[in-house]
Amino acid sequence: MHDDDAQVTGASVSPEEIARFAAIAREWWDPRGPMRPLHAMNPLRIGWIDRRLPQRARKQGRLRVLDLGCGAGLASEALARAGHDVLGLDAASEGVAAARRHLEENPLPPGSGSLAYRVGSAETLVEEGAAFDAVVGLEIIEHVTDPAAFVAMLARLTAPQGRVFVSTMNRTPRSFAFAKIGAEYVMRLLPIGTHDWKKFVTPSELGAYGRRAGLQLEAMAGMTPDLLGNHWRESRDLGVNYIASFLKS
């Protein structure tokens, strides 16, 4: 048990959301379980991010990457395996416990970066003056209480010339049909209640949050699954899932 392993909440995190994801923490690493869509999406997300990480910082050594809202560590482990030094942070102690357990049972291969986990909120890291070469917030902004403040915190946690990466779902009729009704009620890919469609974020809203936080939008791409949702590809279709890269200039 780690000293900081208490349930931590902050202004960016809804206690109801924390509890919802904590309840499925033990199933997070099951590729056929409730996080099946994230397992299928992960190679696309991590590859897209890795190609856009700061080149100058790469030459100076491994990059320090914060995976904010890391859950049980799907993205954190993949980023560490890509050679980066990763801190996975989540407000749900159950998710972090599952992440640590999976890492203990599946050690990183030689050539990987380092990987550590911590229970806490972004506000705590801001108070500590932490700064990273890249800050990653994947499928998390649609679960926070104040998305504009959340993006501002991502920016504050990013070193100058660093990158901020956000993936989320667009608030469109199509996302309501596919990501909410289809995924939760029809295909049962996700637990019912996972998403609140009204909290989905449009690309223009996300871009505005970034500009307000002093971030420059560099790239944005759609993430599109095949018919069965087993494989995802990059596309120009931002109508449902999409990912964005920002520069802190």
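Me: Why is glutamate 139 called buried?
Reply: Its relative accessible area is 13%, and buried means under 20%, exposed over 50% and partly exposed in between (1.4 Å probe, protein chains only), so glutamate 139 counts as buried. This is a predicted model, where local features need pLDDT of at least 70, side-chain atom pairs count only at pLDDT 80 or more, and totals for chains, interfaces and linings use all residues. Residues are numbered from 1 along each chain as its sequence is written, and side-chain values use heavy atoms, leaving out hydrogens and water.

Me: What makes glutamine 161 partly exposed?
Reply: Glutamine 161 has 36% relative accessibility, so it counts as partly exposed. Glutamine 161 also has a positive phi of about 70° although it is not a glycine.

Me: Why are tryptophan 48 and phenylalanine 165 called an edge-to-face pair?
Reply: Rings of Phe, Tyr and Trp (its six-membered ring) pair if their centres lie within 6.5 Å, with planes under 30 degrees apart stacked, over 60 edge-to-face and the rest tilted. Here the centres are 6.4 Å apart and the planes are at 85°, so the pair is edge-to-face.

Me: What makes this pair a tie between parts apart in sequence?
Reply: Tryptophan 48 lies in helix α2 (residues 36–51) and phenylalanine 165 in strand β5 (residues 158–169), so the pair ties together parts 117 residues apart in sequence. Helices (H or I, at least four residues) and strands (E, at least two) are DSSP runs, numbered from the N terminus.

Me: How do you know that phenylalanine 165 is buried?
Reply: Phenylalanine 165 has 0% relative accessibility, so it counts as buried.
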